[in-house]
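Morning, everyone. I have one structure to go through today, and I will take it interface by interface. Please have it open as I talk.

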Amino acid sequence: MLDISVEEKEQLKLERLQSTLNRACKNVPFHRKRFLEKNILPEDIVSLKDLTKLPFMDRTHLGTHYPYGLFAVPLRDIVRIHTAPGTGTNPSISGYTRTDLLIWKKLVARSFEAAGVTSLDIIQIHLPPGLANWGRDYKDGGEAMGAGVIPNSPLSLNKTLMVLRDYKTTTLVTTPAFALQLMDHMFDRERNPNELNLKRLILVGEPVEGKLVADLEERLHVDVWLNYGLSEIPGPAIAHECRSHCDTHCCGSHCGLHINDDHILPEIIDPATGTPVPMGEKGELILTTLSARAFPLIRFRTGDMARFVPEPCGCSSPLIKLEWLKERADNMIIISGIKVSLDQVKSTLQKALAVPCPDCTVERIRRDGTETLGISLVMDDVLFSDEIKELQQLISQTEKLLAEQVGVPIKICLVQKRVL
Amino acid sequence: MLRIKNLKCSYGSIVAVHGVSLSVKKGELISIIGANGAGKSTLLLAICGLLKNWEGEIVFQDKDLKGMSPPAIVRSGISMVPEGRQIFSPLSVMDNLKMGAYTMYRKGLKSQVEEDFDMVMEMFPILRERAHQLAGTLSGGEQQMLAIGRALMARPRLLVLDEPSMGLAPKIVEMIFNVITTLQSQGVTILLVEQNARAALKISHRGYVLETGKMVLQGSADELLVDDDVKRAYLGRDYGDFYDGRDA
Amino acid sequence: MDDNKKKQWTENTIFLVVILGCGLGVDNTYYLQIMTFIGINTLLALGLNMLMGYAGQVSLGHAAFYGIGAYTTAILSGTYGISPWAALVCAVSCAVFIAFVVGLPTLKLSGYYLGMGTLGFGMIVNILFREWSTVTGGSSGFVGIPMLEAGPVSFMSGRNYFFLVWMVVLVAVLLCRRILSSRMGRALRSIHDGENASLAVGVNTHFLKLQIFMFSAALGAVAGFLYAHFVMFISPESFGFMVSVKMVTMVVIGGMASVWGALLGASLLTLLPEVLHGFAEYEMIIFGLILMVVMIFMPQGLTRGLLDIYEHSRKRDKRHGN
């Protein structure tokens, strides 16, 4: 299916893009309005380059148009709705029709195939609750391939390890954080990685450094494959690594991921200006769905930084390659796969503490396999209170409020104001 | 084989087709489905050169069809079976078929034409029976067969059919579609425009859905047959659903 | 197919025999003259029949080609003394060329527009005949058209000219039938039935229509030539709008899409005025009435109409007989 000429592929992409725009304009008032605002009709998009004429959309739109505002099909055609905490008061959701699910199954199967998974493999999935949606998609993809699947479940590290060993799992789909934890755990207890039947790790959720990958591969005796996906909408395995990923891991990245550009159209733009960057330079990744029925996305700002890899790949795949970079274009931090908006954190703090501009730093705390959002709040005169109990209560209330808002565990510490 | 980009067709100031792109690969059977007035026939007229007023790009085997006259397009390998059959009533069946081979005579390929007669008669035995009858006296189904036979006489590389099932009884429709499937298996590339979406998609590789002149959906025939929108709008209920109690 | 050919051959032979019979049998110069006129009109009707009946193109200005044929030979052989036979070649070439030039843009039109186009053309040519008096003699006409001669035979007398004209008619009839049974003829009939389908099959309809237009113009010019050297005096009135209409009427009454129909129509429309002379002031009324009646009851023309009656009566006889 993928062995078509460049011309045919461009034609296919154009056809799919045009029909997506037609459907979006016809069925989704949000998109139709934005087209009108820019005084554009779908028929004005005559080539893939014309995509730049269209406006962007981002996560805030997903929250604002809760619950049905962005659906392009009637509700009765939606067979699944994925939810995520979102960046505002509304959860962010996305919907799928039967056809959409079929397509996603195909794309996940593609990523498995590229990683060398066959029907003889046993796939185990271990993902944090924030990526539970992906858990389901990987399970479906694995089943579509005919492999054995052990879906996501809340087992402890030890029990997970037992299952890995006793059921001879060959493929583990997990986050880099968990993989790291697994590796450290095994070595702390001096367990031999060879007692596991593990052949490969598929890491999802965030970009990984080459060094970490090299470490994992060496110490766990596995092949590591990266997958890129969006946690709220369309799904996992938007891009996957191919067979010709660097064996030596010499380069900082992993030589790039193939993005399924026959179903999702990627662009790289300068996050500040919104204009496309020259081929090969880094910028924010923008995605446009080409075959999504329920939830078309037009120029969605992912907030992930990436760059196209213009050099042709060693494998024969015609899909274009991307390098996923560690930086982010937006003001977000990833905790257990869930994207947390720092702006939202700040504004919630402001409201909770009744302080105009709370001085704080935010970071991710990784401990014992869990990730927490740590906020170091600078104590100043406004906040200071003699009553420790009062302060503690305020802090714990704020923690609870924030946790409910953003969907991740929060830990607030008070720190002294730094005297320069 | 056929690649269309951003085709825009107008009748005077009324735009019938708004920026449609589609493609047909060699050996495929592609269906275009849609309601009445969706612009399907207009699209075909533009491909065959019978509609002069179009913008965009139509490329057939790397040749740009813009500005080409209908006879020239026939010579390059596209044959159309028009809507409503449009066989030549005052001419006999044989003469109609001879007309189909009009461009062949020009190239001096008379012997080939004789072969083609036999080929068409074999495919449609009823035409052999009625060879000298006036075409206007044939039944609807026979006329449709004649129209297809006539188009085949030009040995087309791309056969374009405009609503072949229109006005025909279901049994005849089934027969005609069997013929189309046979042709495809013999290597003829076919572009089919149909209102009977179910029958068309069942025999096609891929399909395109046109709505008020805009392309709104495309995909493999299997995908389209299970798609909810398509089912609701175009597939109606299969007679089997009534008997089995299935919900279409 | 062979049956058809046999039938044609029989018809042609009968036709030849009839011509010979009339030509040799009739002595009255007046009758011979009338039959000669029928012959000339048949040529006009034949050409127009191919255009209207088979290609389906209406032409309301065809008398122009008739006139071009007549005036060309008149001027060339009368004023400049060129041999009439050479003048014939010039006349036909002239008509064909003009038909090409006029037909190229006009035949792209259809329906009313084509009618108006040809009408306009006819009128322009007629005005030319009238106004270019230095060459054409203007409204008073052109006198002094020489007689035709071919070696020892001089075509002045009624009988000689009768045979000349009818031989030409026979040749024209054979030519038309030849064309109609050819691939070109099929294509013509297909254009008439449905131009779009014809295009879809690869027929270059515009070119084909143009060719037939030129052919009918040629026939008209030959008719004009024969007319000029017959009456030896021509004036613009003979080639005006009314004559164009008469030509169209001949084709329609006789039966479009029928070669014999042209003959029948020409005969009728030549004879009828002669016959009705006796009715003096009622001539036109009766003429008109006859035309109306024919069109109401036999809209496909007399040929088809008479054939239908014949077949109908045969069927009735069969039923009664058996």
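Across the interface of chain A and chain B, the rule finds four salt bridges. Keep in mind that this is a predicted model, and that the values I quote are computed from it. One salt bridge to look at joins the side chains of Lys26(A) and Glu211(B), at 2.4 Å from N to O. If you are new to this, side chains of opposite charge can pair when their charged atoms come close.

Now, which elements of chain A give two or more residues to the side that touches chain B? They are helix 1, residues 6-27, and helix 4, residues 98-114, both of chain A. Helix 1 of chain A gives the most to that side, with 11 residues. By class, the side of chain A that touches chain B has 12 charged residues, five polar and five nonpolar.

As for the extent of this interface, 22 residues of chain A are in contact with 24 residues of chain B. The area buried between chain A and chain B is about 2100 Å², and carbon and sulfur atoms give 38% of that. Three residues stand out on the chain A side: Gln11(A), Glu15(A) and Glu43(A) supply 27% of the area that chain A buries against chain B, more than any other three residues.

Next, the interface of chain C and chain B. Here 17 residues of chain C are in contact with 19 residues of chain B. The buried area between chain C and chain B is about 1800 Å², with carbon and sulfur atoms giving 66%. Which residues of chain C lose the most area to chain B? Those are Arg183(C), Arg186(C) and Val201(C), which together account for 37% of what the chain C side buries.

One of those residues comes up again. Across the interface of chain C and chain B, the rule finds one salt bridge. The side chains of Asp95(B) and Arg186(C) meet in a salt bridge, at 3.8 Å from N to O. The rule also finds one residue pair in polar contact across the interface of chain C and chain B, both residues at pLDDT 80 or more. On the side of chain C that touches chain B, helix 8 (183-193) and helix 9 (195-201) of chain C each supply at least two residues. That side of chain C divides into seven nonpolar, six polar and four charged residues.

Now to salt bridges in general. One inside a chain is between the side chains of Lys411(A) and Glu399(A), at 3.9 Å from N to O. Lys411(A) is in strand 18 (residues 410-415) of chain A, and Glu399(A) is in helix 10 (residues 388-406) of chain A, 12 residues apart.

A few words on chain C and its record. An unreviewed UniProt entry annotates "transmembrane region" over several stretches of chain C, including residues 111-129 and 212-235. Over residues 111-129 of chain C, the chain is 100% helix and 0% strand, with the end C-alpha atoms 28 Å apart. Over residues 212-235 of chain C, the figures are 83% helix and 8% strand, and the end C-alpha atoms are 28 Å apart.

Last, confidence. The model scores ipTM 0.83 and pTM 0.78. Chain A has a mean pLDDT of 81, and 90% of its residues reach 70 or more. Over residues 247-254 of chain A, however, the pLDDT is below 50. Chain B averages 84, with 93% of the residues scoring at least 70, but the pLDDT stays under 50 over residues 238-248 of chain B. Chain C averages 83, and 97% of the residues score at least 70.

Technical notes
Residues are numbered from 1 along each chain as its sequence is written. Chains are lettered from A and ligands numbered from 1 in the order in which they are written. Side-chain values use heavy atoms; hydrogens and water are left out. Contact means heavy atoms within 4.5 Å. Buried area is the accessible area (1.4 Å probe) that two parts lose on being put together, summed over both. Helices (H or I, at least four residues) and strands (E, at least two) are DSSP runs, numbered from the N terminus. Ala, Val, Leu, Ile, Met, Phe, Trp, Tyr, Cys and Pro count as nonpolar, Asp, Glu, Lys and Arg as charged, and the others, Gly among them, as polar. UniProt positions are given in the numbering used here, feature names are shortened, and annotations may be inferred rather than shown by experiment. pLDDT is the predictor's confidence in each residue, from 0 to 100. A polar contact is a pair of N or O atoms within 3.5 Å; within protein, one must be able to donate a hydrogen and the other to accept it, and residues adjacent in sequence count only if both atoms are side-chain atoms.
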